[in-house]
Amino acid sequence: MTTTTIIPTELLRKPENKKTIEEIVEGMRQFETSENVRHSSVSVKGGGEIHYWIYNPPTGRSSGVRIVAIEGLNSSHYGWAIPMAIMSRERGWTCMLIDNRGVGLSKENPPKRPWTIAEMARDAFTCLIHAGWVKEDVQQQQQVEPKVHIVGISMGGMISQELFLIRPDASTW
């Protein structure tokens with residue numbers, strides 16, 4: 001199995017960030033096990049349990065930006081873990097990483113069947129509601145700020161687009 005580590009190059013170019021990849025990865029491991037990372041799960045419509053992680057910035061460093069990162073086919077949240085942990089720590093972003101159905105810690109129930117992108121977007125929306133980032137009711141959403149920025153890679157990009165269709169007023173790209 002190969003692991004790819006994505007580190008934003010702008011952070012590596014800063015003189016104060018002249019660290020080796022190993023030092024950065026070790027720092028992220030420490031960050032992930034700190035009180036800044038919260039793991040949760042929620043039951044979803046049609047059966048199953050979706051796991052998600054919220055990376056909170058260090059105390060007093062929040063920029064108010066909230067990001068949801070959705071991985072592609074057969075990839076767990078770990079694909080986003082290092083870049084989002086860096087952005088949380090360095091830029092003050094609050095980041096949610098989601099394991100899609102049947103991937104990582106998320107469970108599929110009933111057993112294996114094809115899911116639609118729309119169902120997976122609904123799963124992500126359920127995570128957003130569970131975390132208190134959006135309200136299911138459009139009228140209540142006006143009280144929740146800031147909007148959520150959604151990013152996805154590969155199939156996660158398709159899920160992101162479908163998620164936007166569920167509640168366009170609650171998210172941006």
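The second largest pocket holds about 190 Å³ of space. This is a predicted model, in which local features need pLDDT of at least 70, side-chain atom pairs count only at pLDDT 80 or more, and totals for chains, interfaces and linings use all residues. Residues are numbered from 1 along each chain as its sequence is written, and side-chain values use heavy atoms, with hydrogens and water left out. The chain has 6 helices and 7 strands; helices (H or I, at least four residues) and strands (E, at least two) are DSSP runs, numbered from the N terminus.

**Pocket**

- A pocket is an open set of points on a 1 Å grid over the protein atoms alone, where a 1.4 Å probe fits, with protein on both sides within 12 Å along at least five of seven lines.
- Grid points are joined across faces, edges and corners, and the volume is the space filled by probe spheres set on the points.
- The second largest pocket is lined by 13 residues; a lining residue has an atom within 4 Å of a point.
- Nearest the centre of this pocket lie Leu73, Asn74, Arg101, Val103 and Trp115.
- The lining divides into 5 nonpolar, 4 polar and 4 charged residues.

**Chain layout and burial**

- From the N terminus on, the elements run α-α-β-β-β-α-β-β-α-α-β-α-β.
- Of the 173 residues of the chain, 43% count as buried.
- Buried means under 20% relative accessible area, exposed over 50%, and partly exposed in between (1.4 Å probe, protein chains only).

**Backbone with positive phi**

- Most residues other than glycine have a negative phi.
- Asn74 is not a glycine, yet its phi is positive, about 60 degrees.
- Asn74 sits in the loop between strand S3 (66–70) and helix H3 (78–91).
- Asn74 counts as exposed because its relative accessibility is 65%.
- Ser154, also not a glycine, has a positive phi of about 55 degrees.
- The loop between strand S6 (148–152) and helix H6 (155–166) holds Ser154.
- Ser154 has 59% relative accessibility, so it counts as exposed.

**Helix H3**

- H3 has 14 residues and reaches 20 Å from its first C-alpha to its last, close to the 20 Å expected at 1.5 Å a residue.
- The expected span is 1.5 Å times one less than the number of residues.
- A kink of about 25 degrees in H3 is centred on Met84.
- The bend at a residue is the angle between axes fitted to the seven residues ending there and the seven starting there.
- The buried residues of H3 are Trp80, Ala81, Ile82, Pro83, Met84, Ala85, Ile86, Met87 and Ser88.
- Gly79 is also found in H3, and counts as partly exposed because its relative accessible area is 28%.

**Nonpolar cores**

- A nonpolar core is a set of buried Ala, Val, Leu, Ile, Met, Phe, Trp, Tyr and Cys residues joined through side-chain atoms within 4.5 Å.
- The largest nonpolar core has 23 residues; Tyr52, Val68, Met96, Ile98, Leu128, Trp133 and Leu163 have the most contacts inside it.
- Two or more residues of this core come from each of strand S2 (48–55), S3, strand S4 (94–98), helix H4 (117–131), S6 and H6.
- H4 gives the most to this core, with 7 residues.
- A second, separate core has 13 residues, including Trp53, Ile67, Ala69 and Met84.
- In soluble globular proteins, nonpolar side chains tend to be buried together.

- His77, in the loop between S3 and H3, is buried, with a relative accessible area of 2%.
- His77 and Trp53 are 24 residues apart in sequence and 8.2 Å apart in space, C-alpha to C-alpha.
- Gly79 and Ile153 are 74 residues apart in sequence, with 9.7 Å from C-alpha to C-alpha.
- Val65 lies in the loop between S2 and S3 and, at 24% relative accessibility, is partly exposed.
- The C-alpha atoms of Val65 and Cys95 are separated by 8.3 Å, and the two residues are 30 residues apart along the chain.
- Thr116 lies in the loop between strand S5 (107–108) and H4 and, at 41% relative accessibility, is partly exposed.
- Thr116 and Ile159 are 43 residues apart along the chain, and 9.3 Å separates their C-alpha atoms.

Note on methods:
Ala, Val, Leu, Ile, Met, Phe, Trp, Tyr, Cys and Pro count as nonpolar, Asp, Glu, Lys and Arg as charged, and the others, Gly among them, as polar.
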